[in-house]
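Please look over the sequence and the model shown here before reading on.

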Amino acid sequence: MNTKRLFINVKPGKTFLDRLTGKTKVRLFLILILLLIQTWDIRLILPLLLLFITALISLKPDWKKVWGVLGFIILVNLFNLFLMWLVEPDYGLGVVGGSTVLARLSRFYIITAETMWYFFVRFTKFMATFILSLVFISSITPSEMAAGLYSIKIPYKICTIVSLAFRYIPDITRDFHNIKISIQARGMELDSKKTGLITRLKQNVLILAPLIITSFDRVGNIANAMDLRGFGKGKKRTYYSEHEDTDGDRILRPVILILVVVFVVFVVRGFIHPPVYQVWCPWIS
Amino acid sequence: MAEPVIEFKDFSFRYKSQNADTLKHINLVINKGEKVLILGPSGSGKSTLGNCINGLIPFSFEGEIKGSCKVAGIETKEANIFTLSAHVGTVQQDTDAQFIGLSVGEDIAFSLENDAEERSVMLEKVELAAKAADIDGFLSEVPYNLSGGQKQKVALAGVMHNGVDILLFDEPLAALDPTMGNTAIDLIDRIQREQERTVIIIEHRLEDVLYRHVDRVILVSDGEIALDTTPDELLRSDILKESGIREPLYISALKNAGVVFDREDHLEDINTIDISRYEQALKSHFETHRASLSNPVVSEEVILEVRDVSFSYESVKALNHISFDIHKGERISVIGKNGAGKSTMAKLLCGIERPQEGSITFKGTNVLELSIREIGKLIGYVMQNPNQMLIKDIIKEEVELAMVLNEYPQAEIDANVESVLRMCDLYGMRNWPVAVLSYGQRKRVTIASILSLRPDILIVDEPTAGQDYHHYTEIMSFLEQLNREYHITILFITHDMHLAIEYTDRSLVFSDGELIADDNVFKVLSDTEVIRKANLKETSLVTLAEKAGIPPEEFIHAFIEEERRIRNEHETTVH
């Protein structure tokens, strides 16, 4: 059967990152994402971005898919920055702390070095976050994610919901496809050239009724199957997919620890000596 | 010394939402190491009985319990499902939904994970269980790539850990083709013998379960135990005829020939019956019926022509140069194992997929130039699961939906829908909500909703999947009537051999994308080569005929005609 997956792996891959335990993957991802969120310093963001790109390359992903998504994200992001500029052309003054005019398009619309710098940092930060997420999603299986989340003390019932969702997405997609075909054969025109958007939306809603009913049937069966095999029995749970630590896990454990310390230091310092301007800029500070 | 592991004492159960007891005054003892078949039609309470043993009742299905039910010495209403699951392993009917893990290994490990077992121990136990269930070597496989039979093995392996001593199988044959079904029954048998576990099989397909020995059959009817005896004793009696269970075909054939069995006969296996004792009776009975055998009259009019059609999914060849004709009013069974190409063929006929080569012509019109919607008016497709087709809340609205979507004038819709509702015996119920209907009634509504467009050909996908003999007969008689009275051509996609033999005249058999047989159904199903390739199994009628020295093809034919006559007489006396 054809299993269409976007980036989600069901089987673990073979590269260095793939072979790490779910625990390491989840922890590393979380600490890196936290670090990124709290910083506006390009001296940290840029090396991280390069690191993430290297990580992405190391996974040997399907580049056609990656470029498709990346292209879309870059466009949306640039458009977003453009809108920000339209609303507030001198944005950089507030967050970077200067207004060096490079060009003047009208009385209101100016291009300043600081605003451009801010946009550059913002863009880099966003791309770093996005590529980090992409690396995370492509290198982890849903089972490892459940195990990883459990390792950071999230209740296992929630962890299981996460992996179950991934388990049944293909089944539900198939149901949806079947229902759509049967209703098309009964006379529904889903061809975009022949019917308007509103009609098509209404018709897609019709498909939902049988889809929900079939999904409920399924949910009942799954719940029984889980009860029968003792799901929810104890307070603790172990994970089949959570294999023994590899060398990679052992190396990364202190790294994660250091990152946590760095994060805490950054946050504490930010509280004690809040910077005058949010974004570090080489020609201002 | 017999040691009871399951004991029901004057046990009754009523579901919370119902006002009558589903199980009434059950008294039943099952001993350690026994292999027991719980037999009964849908709605008889046999699954409810199973759920009382594994603890789903009262844990997941609430209701009122009277009397006592002890499993492994534990009073179930005082225990919880987790204590019981340490003693009872349940393999459910839906092989797909009970696959919880994202890989075979993970699914087998699920209950061990819940026990918070150390991973190193877990790996060993998974390996052990996988070996016992004959699924080792697939541990890293994902569910989407497994067949129904393989998923069932995984489910079995997943409930065998830690010395679970009772294994409960809820309709293990429902989702499997005949060959896979045999494999499953074989595996259950082997596990019971080698590991000395108590095995309980809940099924309505008696003949298929009896492929391997069972110690005892418990016949459940209307929430009560109608009979608790050995298979031989059960088969000797005439109780099956009234209970909505299909008697093994060889038994029916022998009984039809006037044979009365005695204590000498070991009836549960056709190979242990001394046929020579009854050869004379069978032969003379056959000869009297042989003369009146009639071949179905096939109309000259070809309504669908399939010529040299080939189709591939990406790079996998699904159909290879297929050609056949369909005449008006024919009843055809399309058979073959999963992945053989039969569903693909149906999709091509309905326009869901388009062939890469070849042509499909409907009464001179090239179907390949029409849209799915236009083809829908010529060829109707009834899906296996009615819940995937039902959209509206009220029966009448559901039936008229296709005509509304096709923008027919209201007057025509009203007239047509009324006649279709009457055809399908739904007119009296036309304003009922769909939600209150039984599975069989839902099926009938979906067929009505397709018929409203007046297609000339109806393709019905597994019309009887998961149905017991009574409901099966009901659906099939209805379809037969549509064919007889309204001359609708029907194609059945199925791997149910009884259905093919009893309700169709011609079979198209697919195997690995090739059409390997296209002939009279009796001929096709007595051809061992075709049977093997299509994952079917030889019907016991063929075995019986061969043993008695009667040509199998004609013997099956005579048997089916006789059964049909008996059924029709029965129907006329009922009405």
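**Domains, contacts and helices**

Chain B is divided into domain 1 (4-243), domain 2 (248-292 + 542-575) and domain 3 (302-541), with bounds that come from an automatic or database domain assignment. This is a predicted model, in which local features need pLDDT of at least 70 and side-chain atom pairs count only at pLDDT 80 or more, while totals for chains, interfaces and linings use all residues. Residues are numbered from 1 along each chain as its sequence is written, and chains are lettered from A and ligands numbered from 1 in the order in which they are written.

Between domain 2 of chain B and domain 3 of chain B, the C-alpha centres are 31 Å apart. Their contact takes 16 residues from domain 2 of chain B and 9 residues from domain 3 of chain B, two residues being in contact if their C-beta atoms, placed from the backbone, lie within 7 Å. On the side of domain 2 of chain B that touches domain 3 of chain B, helix 11 (249-256), helix 22 (540-548) and helix 23 (552-574) of chain B each supply at least two residues; helices here (H or I, at least four residues) and strands (E, at least two) are DSSP runs, numbered from the N terminus. The largest share of that side, 7 residues, comes from helix 23 of chain B.

The two chains also meet, in a contact that takes 52 residues from chain B and 50 residues from chain A. Among the elements that give two or more residues to the side of chain B that touches chain A are helix 4, helix 5 and helix 14 of chain B, and helix 4 of chain B gives the most, with 7 residues. By class, this side of chain B has 25 nonpolar, 18 polar and 9 charged residues, where Ala, Val, Leu, Ile, Met, Phe, Trp, Tyr, Cys and Pro count as nonpolar, Asp, Glu, Lys and Arg as charged, and the others, Gly among them, as polar.

Helix 5 (residues 119-132) of chain B has 14 residues, which should span 20 Å at 1.5 Å a residue, and its end C-alpha atoms are 20 Å apart, which agrees; the expected span is 1.5 Å times one less than the number of residues. In this helix B:Met122, B:Val126, B:Ala129 and B:Ala130 are buried. They lie on the same side of helix 5 of chain B because they cover an arc of only 100 degrees around the axis, the arc being that of the directions from the helix axis to the C-beta atoms. On the other side, B:Ser120, B:Val121, B:Glu124 and B:Lys131 are exposed. A residue is buried if 20 or more other C-beta atoms lie within 10 Å of its own, exposed if 12 or fewer, and partly exposed in between, with C-beta atoms placed from the backbone. Helix 4 (104-114) and helix 6 (148-158) of chain B are included in what covers the buried residues of helix 5 of chain B.

In chain A, helix 8 (residues 156-185) bends by about 35 degrees at A:Tyr168, and a proline, A:Pro170, follows within four residues; the bend is the angle between axes fitted to the seven residues ending there and the seven starting there.

Finally, B:Pro172 is found in the loop between strand 7 (166-170) and helix 7 (178-195) of chain B, and B:Pro172 counts as buried because it has 27 C-beta neighbours inside 10 Å.
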